[in-house]
Amino acid sequence: MTLNERAQLIADEAERNATQLRVHVTKVAGARVIDCGGAVQGSLAAGLLLARACLADAGEVAYVPYPVPEIGGPAVQVTTDDPVRACLASQYAGWQVTAGKFFAMGSGPMRALAAREEIFQHISAKEESPFAVGVLETHKHPTEEVIAAIVAKLPLVAEHLTLMVAPTSSIAGTTQIVARSVETALHKLHELKLDVNQVVSGYGIAPLPPVATDFVQAIGRTNDAILYGAKVVLWVRADDEVLEHIGPKVPSAASKDHGSPFAEVFARYNGDFYKIDPLLFSPAEIEFRNLKTGRTHRFGRSEPALLRKSFGLDE
């Protein structure tokens, strides 16, 4: 199946179990819209489905205990044996959806249908499918104008569009963002010019923060969960010398903006997300397990004190 066909099955499951999942399904301009946490409560289970849809169901997502005693509580764990397609062709929020005053970061396998982003020049993931499935990070319901803007960038073969929607300040929205531990590592490696096709499997875990009602606090906590709490293991086939050279540059600690809760960094740049050092967006810790040589390379560190401050655990 294509990535979009896989994600379509996840969306179908969400619609069948809408009541139990506390989600709401509507039709807008012919597209199916599944609200997972905007005008509805949403749920932990909806968060898992949302994260799986982002990955095009090419990875497993689960709630597990976070293994750092100072933080404790639940964590979101991700495993995938198709990391490049699951994370970079689908999960990465690389589509800025705009229409009038509407703005949302778009992810999901509909990106592989449009294939307009630079990253698709480096990975073999462009596909055709009658189904298109996307995930929007927004508290606003997509309008007919928004649907039209998305459809205009999709191939004609994509006749059936599904959008799953949730704001960061919701249970489901928080889960799907924290499920991006492996994705952030892969995207950072791509930015550092490593051939990501050398990565054959991935594992990641990051703490699930309390849901924040304030937008800035919500994006702060979810980003901090990755930047200061995510641990990622990648199985690769590469030269050890390359991994030793690039490894120290991968964790978030390599960024000049590392060391403060994300909400403070965001405020420092007057709320301009794109002025933040792009090298900050990566996991706290990265481990490479080299299938070519049997060697292991570890870099980075978690920051429990920063996580406790961000999550409000010291209040």
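## Helix α3 and the residue that follows

In this predicted model, the buried residues of helix α3 are A46, G47, L48, L49, L50, A51, A53 and C54. Helix α3 is thus described as mostly covered, with eight of its eleven residues buried. After α3 comes A56, whose phi is positive, near 60 degrees, and this residue lies in the loop between α3 (44–54) and β3 (60–65).

Most residues other than glycine have a negative phi. The positive value at A56, near 60 degrees, is found in a residue other than glycine. A56 has a relative accessible area of 0%, and therefore counts as buried.

## The loop between α8 and β9

A positive phi also occurs at K193, where the angle is near 75 degrees, again in a residue other than glycine. K193 is found in the loop between α8 (181–191) and β9 (199–207). Is K193 buried or exposed? Its relative accessibility is 74%, so K193 counts as exposed.

D195 has its place in the loop between α8 and β9 as well, and, because its relative accessibility is 39%, D195 counts as partly exposed. The C-alpha atom of D195 is separated by 8.4 Å from that of H122, although the two residues are 73 residues apart along the chain.

In soluble globular proteins, nonpolar side chains tend to be buried together. In this model the largest nonpolar core has 61 residues, and those with the most contacts inside it are V61, I123, L189, L234, I286 and F288. The largest share of this core comes from helix α4 (residues 83–91), which gives five residues.

Which residues are in contact with L234, once its neighbours within four places in sequence are left aside? They are V182, A185, L189, V199, S201, G202, I286, E287, F288 and R289. Among these contacts of L234 are L189, I286 and F288, which are themselves named among the residues with the most contacts inside the largest core.

The buried residues of α7 are A172, G173, T174, T175, Q176, I177 and V178.

T2 has its place in the segment before α1 (3–16). With a relative accessible area of 18%, T2 falls under the 20% limit and therefore counts as buried. When its neighbours within four places in sequence are left aside, T2 is in contact with E127, E128 and S129.

## The largest pocket

The largest pocket has a volume of about 1300 Å³. Its lining is made up of 37 residues, of which A93, M105, E137, F273 and Y274 are the closest to its centre. The elements that give two or more residues to this lining are β6 (102–107), α8 and α9 (215–227), and α9 gives the most, with six residues.

How many nonpolar, polar and charged residues does the lining of the largest pocket have? By class, there are 18 nonpolar, twelve polar and seven charged residues.

## Aromatic pairs and a cluster

A search of the whole structure finds six aromatic pairs. One of these is formed by F262 and F266, whose rings are stacked, at 6.2 Å centre to centre and with 25 degrees between the planes. Both residues lie in helix α11 (residues 262–268), four residues apart, about one turn of the helix. An α-helix has 3.6 residues a turn, so residues three or four places apart point the same way. F262 and F266 are both buried.

F273 and Y274, which are among the residues closest to the centre of the largest pocket, form another aromatic pair, with ring centres 6.0 Å apart. Why does this pair count as edge-to-face? The planes of the two rings stand at 75 degrees, and pairs with planes over 60 degrees apart are placed in that class, so F273 and Y274 are edge-to-face. F273 is partly exposed, with a relative accessible area of 34%, whereas Y274, at 55% relative accessibility, counts as exposed. Together with F281, the residues F262, F266, F273 and Y274 form one aromatic cluster.

How values were computed. Residues are numbered from 1 along each chain as its sequence is written. This is a predicted model: local features need pLDDT of at least 70, side-chain atom pairs count only at pLDDT 80 or more; totals for chains, interfaces and linings use all residues. Side-chain values use heavy atoms; hydrogens and water are left out. Buried means under 20% relative accessible area, exposed over 50%, partly exposed in between (1.4 Å probe, protein chains only). On a 1 Å grid over the protein atoms alone, a cavity is a set of points where a 1.4 Å probe fits but cannot get out, and a pocket is an open set with protein on both sides within 12 Å along at least five of seven lines; lining residues have an atom within 4 Å of a point. Grid points are joined across faces, edges and corners, and a volume is the space filled by probe spheres set on the points. Ala, Val, Leu, Ile, Met, Phe, Trp, Tyr, Cys and Pro count as nonpolar, Asp, Glu, Lys and Arg as charged, and the others, Gly among them, as polar. A nonpolar core is a set of buried Ala, Val, Leu, Ile, Met, Phe, Trp, Tyr and Cys residues joined through side-chain atoms within 4.5 Å. Contact means heavy atoms within 4.5 Å. Rings of Phe, Tyr and Trp (its six-membered ring) pair if their centres lie within 6.5 Å; planes under 30 degrees apart count as stacked, over 60 as edge-to-face and the rest as tilted.
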